[in-house]
Amino acid sequence: MVLDANWAVKWLTLCAQAMAEHRVELIELDRAIGDSDHGENMDRGFQAVLAKLGESTPETPGAALKMTAMTLMSKVGGAAGPLYGTAFLRAATALGDSAEIDPAAWAGALQAARDGIVARGKAESGDKTMVDAWTPAVDAARAAADGGSADVLGVLVAAAEAAEAGAVSTDPMIARKGRASYLGERSAGHRDPGAVSSALILRAAVGAAA
Amino acid sequence: MKKLINDPKSVVQEAVQGFGLAHAGLVTVSEDPTYITRKDAPVAGKVGLVSGGGSGHEPLHAGYVGRGMLDAAVPGAVFTSPTPDQILPATLAVNSGAGVVHIVKNYTGDVLNFETAAELAEAEGVNVRTVLVNDDVAVEDSLYTAGRRGVGGTVLVEKIAGAAAERGDNLDAVAAIGERVNANVRTMGVALSACTVPHAGTPSFDLAEDEIEIGIGIHGEPGRHRIPMENADSITNRLMDAVLTDLKVSSGDKVLLFVNGMGGTPLSELYIVYRRAVQVLADAGATVERSLVGNYITALEMQGCSISVLRLDDELTELWDAPVHTPALRWGV
């Protein structure tokens with residue numbers, strides 16, 4: 001399996017599917033500690049990405065991610081639009097014009113994405129945000145890539161599993177950023193919707209390579 | 001869910017179309033990307049004022065586009081901030097060369113999207129200043145939250161900064177007036193019932209028949225705590241206590257008192273709240289110099305209200321009284 005432009009297109013297509021399938025779940029999670037719009041916004045954003053992919057086929061993974069960044073930035077709104085837009089843009093920049101992504105490049109792209117989210121949103125680990133999914137994913141991808149034993153699929157899987165565990169880890173946290181922070185202690189006991197959508201995106205990356 | 005809509009996905013688009021038809025003499029509507037501008041924009045030599053945010057708070061913001069208030073409003077999806085691809089063209093459309101002030105309610109999404117749009121506008125040579133509105137005393141302003149939300153005070157910032165721009169103040173002066181209003185206004189809200197976002201289809205939070213939520217924002221997001229239902233005077237006392245303590249209102253202060261409906265509360269109830277709020281201010285030795293009562297910044301059909309108190313000085317009072325002609329606010333012209 002090589003992570004090339006075809007993989008990237010399949011990844012984004014699976015992201016759109018995942019957002020449509022989990023739209024109601026994300027709305028419900030957001031209803032508990034936010035304002036009920038996350039599922040709707042992510043679904044709208046990735047449907048727009050899908051439409052863009054139908055218009056033209058990107059030549060590199062980086063080009064696909066850059067197109068995704070610009071589309072999410074302009075279609076999603078809320079905090080998620082600029083945050084995911086920045087994440088995809090930084091990942092695209094990290095990948096450059098490469099035709100294929102190796103394990104180290106994937107770990108580097110994830111790190112660039114996470115750093116972009118942190119720079120824009122100013123959230124830290126433990127604030128009950130998407131950062132709590134991204135940081136463990138970056139660490140796991142980096143460890144798998146540096147270990148040398150994992151092929152590229154292994155690195156994708158490591159990142160996705162860590163992101164999913166990271167999303168679950170937000171359950172007991174008290175939100176300190178975003179709209180959930182207004183709830184204070186009442187935000188504990190709910191999973192962060194942005195961490196869940198982040199895990200869905202990284203899981204779709206595995207599906208596209210399988 | 002019972003709503004006067006055709007399709008949850010077309011709510012904002014169809015509402016904006018109707019708004020444009022109803023107020024064709026005052027505003028111009030751009031549908032794609034969606035934004036509303038003052039009919040005569042850009043006004044030569046005048047600083048442009050742009051605000052925006054999620055839909056569902058009508059008449060905010062589009063209702064305040066017109067002479068003496070906003071030059072452009074940018075509506076997002078319901079309770080979702082607009083995106084830079086809307087904010088940027090709205091900013092460019094109202095820039096006469098004197099620069100543009102963005103009035104932004106302090107929500108993470110609004111801040112990030114307006115910040116991005118301001119960077120893009122600066123890259124195109126437009127000077128942009130941002131006035132952040134964060135008047136909600138229900139939220140502790142600390143490192144542990146996203147900071148105070150922008151709520152009722154937004155209407156007052158838009159009116160008074162709008163008047164400053166209309167009289168010819170320069171970019172920095174208009175922004176400074178907006179910041180002065182924000183520094184002198186505090187707001188606290190209460191919800192008696194939740195609201196239903198059209199695409200979600202169910203109420204934004206669950207509130208029992210005999211419960212109320214104190215410290216509610218304007219997005220149907222839950223507030224600070226909930227308590228058993230009380231009468232209007234007791235609820236008003238709670239809200240006023242929080243507002244006056246935070247604003248440090250003292251004897252001799254002159255204020256503007258703004259009782260705002262959340263969309264599902266009759267005007268008669270708002271006046272009952274207003275009546276008690278005036279008494280509380282009198283007890284504190286403050287005088288109500290100006291008033292505003294009605295549904296000016298709403299949360300769809302939510303039942304409840306917010307109370308805003310703005311400490312006035314002579315200049316702010318003069319700017320409040322200045323002529324305004326918009327779909328939702330009009331006097332002196």
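Me: Is Q47(A) buried, exposed or partly exposed, and how many C-beta neighbours does Q47(A) have inside 10 Å?

Reply: Before anything else, keep in mind that this is a predicted model. The general idea is to count neighbours: a residue is buried with 20 or more other C-beta atoms within 10 Å, and exposed with 12 or fewer. Q47(A) has 15 inside 10 Å, so it counts as partly exposed. You'll find Q47(A) in helix 3 of chain A. For a sense of distance, its C-alpha atom is 18 Å from that of L89(A), which sits 42 residues away along the chain.

Me: Okay, zooming out: which elements does chain A have, and how many?

Reply: Chain A has nine helices and zero strands, so just follow the helices from the N terminus on, given that elements are numbered that way. As for burial, 64% of the 210 residues in chain A are buried. Contacts can be sorted by sequence separation too: among those in chain A with a separation of 6 or more, 68% join residues 24 or more positions apart.

Me: What radius of gyration does chain A have, and what would a compact globule have?

Reply: You hold the value up against the one for a compact globule with that number of residues. With 210 residues the globule would come out near 17 Å, and chain A has 16 Å, which agrees.

Me: How do I read a helix pair, say helix 7 and helix 9 of chain A: what are the angle and the distance between their axes?

Reply: Look at the axes, then at who touches whom. Helix 7 (131–147) and helix 9 (193–209) of chain A pack at about 35 degrees, with axes 7 Å apart. From helix 7 of chain A come D132(A), A133(A), W134(A) and A137(A), and they meet A195(A), S198(A), A199(A) and L202(A) of helix 9. By class, that contact has six nonpolar residues, one polar and one charged.

Me: And the nonpolar core: which residues touch the most other members?

Reply: In soluble globular proteins, nonpolar side chains tend to be buried together. Here the largest nonpolar core has 188 residues, and A137(A), A141(A), A159(A), A72(B), I160(B) and A161(B) touch the most other members. Take A137(A): leaving out residues up to four places away in sequence, it touches L110(A), A159(A), A162(A), A163(A), G166(A) and L202(A).

Me: Now the sheet in chain B. In what order do the six strands run?

Reply: Strands of a sheet pair through backbone hydrogen bonds, either parallel or antiparallel. In chain B the open sheet has the order 1-2-4-3-5-6, with mixed pairing. Strand 1 (27–31) and strand 6 (128–133) of chain B are the edges, each pairing on one side only. Strand 3 (48–55) and strand 4 (72–78) of chain B pair in the parallel sense over five bridges, and S55(B) has V78(B) as its bridge partner in strand 4.

Me: Which strands does helix 4 of chain B lie across?

Reply: Helix 4 (153–166) of chain B lies across strands 3, 5 and 6 of chain B, at about 170 degrees to strand 5. Helix 5 (171–183) of chain B lies across strands 5 and 6, at about 5 degrees to strand 6.

Me: Last one: how many residues does each chain give to the contact?

Reply: Chain A gives 25 residues and chain B gives 29. On the side of chain A that touches chain B, the largest share, three residues, comes from helix 4 of chain A. That side has six nonpolar, nine polar and 10 charged residues.

Notes: Residues numbered from 1 in each chain as written. Chains lettered and ligands numbered in written order. Predicted model: local features only at pLDDT ≥ 70, side-chain atom pairs only at ≥ 80, totals over all residues. Pairing = 2+ DSSP bridges. Helix = DSSP H or I, 4+ residues; strand = E, 2+ residues; numbered from the N terminus. Contact = placed C-beta atoms within 7 Å. Axes fitted to C-alpha atoms, helices over the stretch in contact; angles between N-to-C directions. Nonpolar A, V, L, I, M, F, W, Y, C, P; charged D, E, K, R; others polar. Core = buried A, V, L, I, M, F, W, Y, C linked by C-beta atoms within 7 Å. Rg over C-alpha atoms; globule rule 2.2 N^0.38 Å.
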